[in-house]
Every structure is written in structure tokens, then in C-alpha cells.
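Let's take a look at one residue and the helices around it. Have the model open while you read.

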Amino acid sequence: MIVSVVALPILFFATPPGSWIDLDAENADKFCRILEHAAITLISSILASLFLAIPLTANNYTPQLIEAFIASSANRFVLGLFVVSAGYSVWLTQAVTEQDVPRAQIFVSFGMVLLSICMLLPYVF
């Protein structure tokens, strides 16, 4: 997961500015697969840690902790963003063809994955 998360900003900032506009089908497919891998790894790591952490802390404190976590709109938004960005990245990988490279959708997917990574930081620290 760390490799995928670190590779996205490096890939974005290490390439010349004009190369993002001129994505051919092969490079777009590679980039979409990187986005897909990062998003799926992120959502699987988050869900696995949630499925372990929430019941363990609920056993120590109170079972109402699970209800309070799910009732929070901020938590639902962040988890929904993870799921939507992962699903959108998977869909986008299948949408890239030789004839059609959806550049705008690639940038939207990149933004969603980066936003997901940024939204993860308050939960880690």
C-alpha cells in the first residue's frame, strides 16, 4: 500500500507538465491500473483495520461505540469516499480503449484517490 500511495504523487510531479495532456492509450491504461491498485489497497486496509479495531475497542469500553462510529456523518463520508474512489478507479480501468482515452475522468479519479489519502491522515494521527 505504501508503494502505491507514494508512487502517485511522484508520478504526478515527476512527469513534465505537457505529458499529462498527451496521454496515449497505453500510458493511460498503466496510470489507471496504478490508481486502481492504490484505491483498492487503501480501501481493503481501512476496512480490515476497522473490522478489527472497532469490535476490540467496543469490548473494552461499550458496545455503543460501534453505533456512535457508524452514526457519525464524517466517518460515513470518508468511508463512502474510499468506496466510491475505488469503484470509480476500477470502472475507469475498463473504460480506457485504444480509440478513447478519457483524460478528464482520469484526472477526476486521480483527485479522488489523492483526496482519499488525505482524508485518511486524521485517522492515522
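Is serine 109 buried or exposed? Serine 109 has a relative accessibility of 1%, so it counts as buried (under 20% relative accessible area; exposed is over 50%, partly exposed in between, with a 1.4 Å probe and protein chains only).

Before going on, keep in mind that this is a predicted model, where local features need pLDDT of at least 70, side-chain atom pairs count only at pLDDT 80 or more, and totals for chains, interfaces and linings use all residues. Residues are numbered from 1 along each chain as its sequence is written, and side-chain values use heavy atoms, leaving out hydrogens and water.

You'll find serine 109 in helix 6 (helices are DSSP runs of H or I, at least four residues, numbered from the N terminus). Leaving aside residues up to four places away in sequence, serine 109 touches Leu35, Tyr88, Ser89 and Leu92 (a contact means heavy atoms within 4.5 Å).

| Helix | Residues |
|---|---|
| helix 3 | 25-60 |
| helix 6 | 103-124 |

Their axes, lines fitted to C-alpha atoms over the stretch in contact, come within 10 Å and cross at roughly 25°. Helix 3 and helix 6 are therefore roughly parallel (angles under 35 degrees, on a scale from 0 to 180 degrees between N-to-C directions). On the helix 3 side, the residues that meet helix 6 include Leu35 and Leu42, while Ser109 and Phe110 are among those on the helix 6 side.

Zooming out, the protein has six helices and zero strands, and buried residues make up 33% of its 125 residues.

Note on methods:
Helix = DSSP H or I, 4+ residues; strand = E, 2+ residues; numbered from the N terminus. Parallel < 35°, antiparallel > 145°, perpendicular 65-115°, else oblique.
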